[in-house]
Amino acid sequence: DVQLVESGGGSVQAGGSLKLSCVVSGFGYSTSCMAWFRQAPGKEREWVAGVYIGDGSTYYADSVKGRFTISLDNAKNVLFLQMNSLKPEDTAMYSCVARWGECPDSGGSWYSYGWWGQGTQVTVS
């Protein structure tokens with residue numbers, strides 16, 4: 001079955017960096033879109049960044065553009081989210097998701113994706 005397992009979360013000081021990983025198994029990548037979502041307490045789950053595996057195109061929410069970088073190590077089947085210049089408002093549970101086909105415009109909703117991991121907590125103070 002499809003498995004997405006996140007890791008790399010933790011607590012960091014504002015301005016610091018953190019790199020999240022999502023190990024992917026049981027999923028095809030050639031025509032897939034993978035993305036990161038996050039949800040903070042009391043807030044709606046929001047799309048953060050995505051990558052279309054077919055051509056490597058990446059997409060970012062305005063709130064993280066220029067600070068976060070999404071990438072995929074095809075050889076190791078690991079999705080990454082490099083987060084720099086972290087802010088307290090970045091505090092959230094981060095989950096990786098996947099779907100077949102191209103990435104939805106503006107990231108799409110959580111329900112646009114068929115698979116997701118359990119999440120990893122990121123806390124910025």
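Reader: Are cysteine 22 and cysteine 96 buried or exposed?

Author: Cysteine 22 is buried, and cysteine 96 is buried as well. Buried means under 20% relative accessible area, exposed means over 50%, and partly exposed is in between, with a 1.4 Å probe and protein chains only. This is a predicted model, in which local features need pLDDT of at least 70 and side-chain atom pairs count only at pLDDT 80 or more, while totals for chains, interfaces and linings use all residues. Residues are numbered from 1 along each chain as its sequence is written, and side-chain values use heavy atoms, with hydrogens and water left out.

Reader: What makes the link of cysteine 22 to cysteine 96 a disulfide?

Author: A disulfide is a pair of cysteine sulfur atoms within 2.5 Å. For cysteine 22 and cysteine 96 the S to S value is 2.0 Å, so the pair meets that cut-off. The link is right-handed, with 55° about the S-S bond. Strands here are DSSP runs of E with at least two residues, numbered from the N terminus.

Reader: How many disulfides does the whole structure hold?

Author: The search finds 2. The other pairing joins cysteine 33 to cysteine 103, S to S 2.1 Å, and this link is also right-handed, at 105° about the S-S bond. Cysteine 33 is in strand β4 and cysteine 103 in the loop between β9 and β10 (115-116), so that distant parts of the chain, 70 residues apart, are linked. Counting bonded cysteines along the chain, the pattern is 1-3, 2-4.

Reader: Why is cysteine 103 called buried with a relative accessible area of 14%?

Author: The cut-off for buried is under 20%, and cysteine 103 has 14%, so the label applies. Cysteine 33 has 0% and is therefore buried too.

Reader: Why does serine 32 count as buried?

Author: Serine 32 has 0% relative accessibility, so it counts as buried. Serine 32 is found in strand β4 (residues 32-39). Leaving aside residues up to four places away in sequence, its contacts include Phe27, Tyr52, Arg99 and Trp100; a contact means heavy atoms within 4.5 Å.

Reader: What makes β1 and β7 edge strands?

Author: An open sheet of 4 strands has the order β1-β3-β8-β7, with antiparallel pairing. β1 (3-7) and β7 (68-73) each have a single partner strand, so one side of each has no neighbour in the sheet. β7 pairs with strand β8 (residues 78-83) over 6 bridges, and isoleucine 70 stands opposite leucine 81.

Reader: Why is the pair of phenylalanine 37 and tyrosine 113 called edge-to-face?

Author: The structure holds 4 aromatic pairs. Rings of Phe, Tyr and Trp (its six-membered ring) pair if their centres lie within 6.5 Å; planes under 30 degrees apart count as stacked, over 60 as edge-to-face and the rest as tilted. Phenylalanine 37 and tyrosine 113 have ring centres 5.4 Å apart and planes at 75°, so their pair is edge-to-face. The rings of tryptophan 100 and tryptophan 115, with centres 6.4 Å apart and planes at 85°, are therefore edge-to-face as well. Tryptophan 115 has a relative accessible area of 33%, so it is partly exposed.

Reader: How do you know that arginine 45 sits over the ring of tryptophan 110?

Author: A charge sits over a ring if NZ of Lys or CZ of Arg is within 6 Å of the ring centre and within 35 degrees of the ring normal. The charged end of arginine 45 is 4.0 Å from the centre of the tryptophan 110 ring and sits over it. Lysine 19 lies over the face of phenylalanine 80, 4.4 Å from the ring centre.

Note on methods
Pairing = 2+ DSSP bridges.
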